[in-house]
Amino acid sequence: MNAESAISARGIVRDFQAGQSTIRVLHGIDTDIKAGEMTYVVGESGSGKTTLISIMCGILWPTEGDVQVFGTDIYNLSDSELVKFRLNNIGFIFQQYNLIPSIDAAANAAVPLIAQGMAIGPAREKAKELLEKLNIGDQANKLPNQLSGGQQQRVAIARALVHQPRLVVCDEPTAALDASSGRRVMDLLRDVAVAPDRACIIVTHDNRIFDLADRILVLEDGRVTHDGTDMPDDH
Ligand SMILES: Nc1ncnc2c1ncn2[C@@H]1O[C@H](COP(=O)(O)OP(=O)(O)OP(=O)(O)O)[C@@H](O)[C@H]1O
């Protein structure tokens, strides 16, 4: 692994069972995600983007291959070590927000801090600061089902960033948001997630934010076909 890599993925293969047959979704991916950068993963629907980022952030086991995150070989950890590693180092924003329905927005956003042992009062305060930055501070005491889709997404974003993880991994973080909320989310992601010892990976189809990428990986049928600072001409 080179010195500035946040993630080093080697020989990543992932198969899924579909009835009697096996489908190979990732075909031996070798890539490094650099620290200090916002890396986008783009590609057509079904090209394997969600599968790849799920493997990179320790929530989906590769069929073959190794992933190092900040020098830790995550799939060689025990289950409990991996849970702890994720809690301390990784923030996720997935398309399903997975908010806890029975607790309010501030408590949902505070979950990682509470899981790390912080008392509820200060954890809620920290969570509220992020909700303010995301322009939903006034929704802090509402339950998820009292919030719009875009507001729920911002609570999920606050939850992913509240413990200042070294790696933030996002699947379509701006999909449910209007242009100005989307920009605010991207600014916040850059503030929290882009630093010399941190990294951020974003899967997106949102061409309103393509200009914000430091680096773009294009996936086609489970292979990386472009790795550069700009979008390839045919996208
Ligand atoms: N749990 C699973 N079981 C079987 N097949 C799966 C599973 N998860 C993903 N796949 C298949 O793997 C392929 C890649 O899926 P993936 O979700 O990674 O693509 P994607 O590029 O993120 O797509 P999208 O942009 O639509 O979210 C698809 O053909 C999908 O049907």
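**Reading the labels on a predicted model**

Guide: Welcome! The unreviewed UniProt entry lists residues 7-231 as "domain: ABC transporter"; such positions use the numbering used here, feature names are shortened, and annotations may be inferred rather than shown by experiment. Residues are numbered from 1 along each chain as its sequence is written. This is a predicted model: local features need pLDDT of at least 70, side-chain atom pairs count only at pLDDT 80 or more, and totals for chains, interfaces and linings use all residues.

Visitor: What is the mean pLDDT of the protein?

Guide: The mean is 91, and 98% of the residues reach 70 or more; pLDDT is the predictor's confidence in each residue, from 0 to 100.

Visitor: Why is H3 called roughly parallel to H5?

Guide: Helices here are DSSP runs (H or I, at least four residues), numbered from the N terminus. The axes of H3 (residues 105-115) and H5 (residues 149-161) come within 6 Å and cross at roughly 30°. Axes are lines fitted to C-alpha atoms, for helices over the stretch in contact, and angles run from 0 to 180 degrees between N-to-C directions. Angles under 35 degrees count as roughly parallel, so H3 is roughly parallel to H5.

Visitor: Which residues surround the ligand?

Guide: Among them are Phe16, Gly43, Lys49 and Thr50; a residue is near a molecule if its C-beta atom, placed from the backbone, lies within 6 Å of it. Helix H1 (49-56) and strand E1 (5-18) each give two or more residues to that shell, and H1 gives the largest share, 3 residues.

Conventions. Parallel < 35°, antiparallel > 145°, perpendicular 65-115°, else oblique.
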